[in-house]
Amino acid sequence: MFKVILTYIIHLNLIIATSAGFLAAGVANLFFIDNYLYYGLFGFFSTLCVYNSQRLFKANILAKTPWLKWVYKHKKLIVYLSLFSGLIASIIFFKLLNNITPTIAVLFGIASIISFFYVVRIFGGNLRELPYIKIHSIALTWTLVIILFPIINEQIYNWKIFLFFIPAHYVYFVGVTIPFDIRDLKHDSHKQRTIPQVVGIRNAKMIAISLFILTIVGVEIVFQSMHKSPVFVVAIMIQILLIAFTTLKRQEIYYSVLIDGAIALLGISYLIN
């Protein structure tokens, strides 16, 4: 029974969506935004909608691996979940939206285009297949929606935030995504030129760890007390350890439960700060 439940949780992207929700709420809480819980709910439902829609699309067109077979077998459930989460995300978005500004429109326009063309082919390819683009398309989308949206929507303008806090999370998302590129080495085309393909597994891990250190520095510059938060320190250290122990032989649970789930711990550290 536990294995069945865990399978549904992983394949329905509930863990990554929960992590997005905690992080979105945590970022909003750091900036004393009253509606921080709504930002968290928006992060959860928007991530749930996008990730399930992408997986459903890939299951319809790609060769049927065991994972994709599961997605295809439960196609109707995933369709309903995608529609429901998209509807809820839209309702929360318009509840949160203070003003429809050009900046907000551009922000979500870019995020929507990346999310769509990450899996949908145009001119014979999609974004994830372009050289050097895959990891940055993921990091940029997360940064725009989870980190930048509450800051822009609440009109919080501070040069330190834009120079350090936002870039710190961009590199964090790049670092988190590197082990997934290690996992996908046996599937990705060499033309994609992912970081592990270019520099090797060991050097890719070192890059990821360095990026997590930059995250600590960037967050600490804006919030000088963060180094005193044991949860924040533990959240980063766990990601570093997970990177260090990433191998080609790890099971999917290692990535979809541990690495994705550890993102939530960073959000929790922001919520209790």
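Among contacts in the chain between residues at least 6 apart in sequence, what percentage join residues at least 24 apart?

## Contacts along the chain

In this predicted model, the share is 72%, counted among the contacts between residues that lie at least 6 apart in sequence, and these pairs join residues at least 24 apart. The elements that make up the chain are 12 helices, together with 0 strands, and when they are read from the N terminus on, the order is α-α-α-α-α-α-α-α-α-α-α-α.

## Overall dimensions and surface

Along the principal axes, the C-alpha trace spans about 45 × 45 × 40 Å.

Of the 273 residues, 52% count as buried. The accessible surface of the chain comes to about 13500 Å², and carbon and sulfur atoms account for 71% of that surface. As for charge, the chain carries 22 positive and 9 negative side chains, and the centres of these two sets lie 10 Å apart.

## Asn-52, a residue in a helix

Asn-52 lies in helix H3, which covers residues 36-61. Is this residue buried or exposed? Asn-52 has a relative accessibility of 0%, and because buried means under 20%, Asn-52 counts as buried.

The side chain of Asn-52 is joined to the side chain of Asn-13 by a polar contact of 2.9 Å. When residues up to four places away in sequence are not counted, Asn-52 touches His-11, Leu-12 and Asn-13, and also Ile-78, Leu-81 and Ser-82.

## Val-119, a residue in a loop

Val-119 is placed in the loop between helix H6, residues 102-117, and helix H7, residues 134-153.

Which residues are in contact with Val-119, if its neighbours within four places in sequence are left aside? They are Gln-54, Phe-57, Lys-58 and Asn-126. The position of Val-119 can also be described relative to Ile-166: the two residues are 47 residues apart in sequence, while in space they are 26 Å apart, taken from C-alpha to C-alpha.

Conventions:
Residues numbered from 1 in each chain as written. Predicted model: local features only at pLDDT ≥ 70, side-chain atom pairs only at ≥ 80, totals over all residues. Heavy atoms only, no water. Helix = DSSP H or I, 4+ residues; strand = E, 2+ residues; numbered from the N terminus. Buried < 20%, exposed > 50% of the residue type's maximum accessible area, 1.4 Å probe, protein only. Polar contact = N/O pair within 3.5 Å; in protein donor to acceptor, adjacent residues only side chain to side chain. Contact = heavy atoms within 4.5 Å. Areas by Shrake-Rupley, 256 points an atom, 1.4 Å probe, with all protein chains shown as cover. Lys, Arg positive; Asp, Glu negative; His and termini not counted. Charge placed at Lys NZ, Arg CZ, Asp CG, Glu CD.
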